[in-house]
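This briefing is intended for a reader who has the sequence and the coordinates at hand. The points below are grouped by topic.

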Amino acid sequence: MQLHLLNFLKNKSMEEYSWHKIAESEREILFNTNNIAMIQVNGKTMSLGRYRGYFFAFAYKCPHAGGILSDGWIDPKGNVVCPVHGYRFNMQNGRNVTGEGYNLKLWPVENRQDGMYVGIGEGLLSWL
Ligand code: FES
């Protein structure tokens, strides 16, 4: 019962975002040749991956041992690969697809007519 309540609160908090404009368009973002850019959103450093026309905001540092993910690469399946030990993470759900048991922190990205935005959760439990 308590687990259901916690999941409900987490889902509820995840619906509430403060949206931050990061660029007028994709062309303004300085992607590396690996299709990953380092971005600043409301004082927070993140990585922004580009894969098949979609954009994914995720943690700047790898959850394993702090490798800089914008120095990594995106594999043919759309997973970001950490340059330090090669762990792979699904950019859509944060799952560690190589099975080491870590989760990558993600933020939603919207490519709107007036620019690109990243959402930062505002709920009390958004840090979970
Ligand atoms: S620091 Fe990223 S896989 Fe080890």
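**Strand pairing and local geometry**

Strand β9 and strand β10 (residues 115-121) are paired in the antiparallel sense, over four bridges. The model is a predicted one. The protein contains one helix and 10 strands, and along the sequence these elements follow the pattern α-β-β-β-β-β-β-β-β-β-β.

**Sheet of three strands**

- The pair formed by β9 and β10 belongs to an open sheet of three strands, whose order is β1-β10-β9 and whose pairing is antiparallel.
- Strands β1 and β9 are the edge strands of this sheet, each pairing on one side only.
- From one strand to the next, the twist averages 30°.

**Residue N111 in strand β9**

- N111 is located in β9, which covers residues 109-112.
- Is N111 buried, partly exposed or exposed? N111 counts as partly exposed because it has 13 C-beta neighbours inside 10 Å, whereas a buried residue requires 20 or more and an exposed one 12 or fewer.
- When residues up to four places away in sequence are not counted, N111 touches F55 and M116.
- N111 and Y54 lie 57 residues apart in sequence, and their C-alpha atoms are 8.7 Å apart in space.

**Sheet of four strands**

- A further open sheet has four strands in the order β2-β3-β4-β8, with antiparallel pairing.
- The edges of this sheet are β2 and β8; each has a single partner strand, so one side of each is left without a neighbour in the sheet.
- Strands β3 and β4 pair in the antiparallel sense over six bridges.
- Why is β4 described as largely enclosed by the rest of the structure? Five of the six residues of β4 are buried, so the strand is largely enclosed.

**Residues with positive phi**

- As background, most residues other than glycine have a negative phi.
- R52 has a positive phi near 50°, although R52 is a residue other than glycine.
- R52 lies in the loop between β3 (44-51) and β4 (54-59); the hairpin of these strands has two residues between them, and R52 takes its positive phi there.
- R52 is exposed, because 7 other C-beta atoms lie within 10 Å and the limit for an exposed residue is 12 or fewer.
- N35 is not a glycine, yet N35 has a positive phi of about 65°.
- N35 is placed in the loop between β1 (17-23) and β2 (36-41).
- N35 is partly exposed, since 15 other C-beta atoms lie within 10 Å.

- Where is N103 found? N103 is in the loop between β7 (88-90) and β8.
- With 13 other C-beta atoms within 10 Å, N103 is partly exposed.
- N103 is in contact with P63, G94, R95 and N96, leaving aside neighbours within four places in sequence.
- N103 and N90 are 13 residues apart along the chain, and their C-alpha atoms are separated by 9.2 Å.

**Burial and contacts over the whole protein**

- The protein has 128 residues, of which buried residues make up 24%.
- Among contacts between residues at least 6 apart in sequence, 45% join residues at least 24 apart.

Notes:
Residues numbered from 1 in each chain as written. Predicted model: local features only at pLDDT ≥ 70, side-chain atom pairs only at ≥ 80, totals over all residues. Contact = placed C-beta atoms within 7 Å. Pairing = 2+ DSSP bridges. Axes fitted to C-alpha atoms, helices over the stretch in contact; angles between N-to-C directions.
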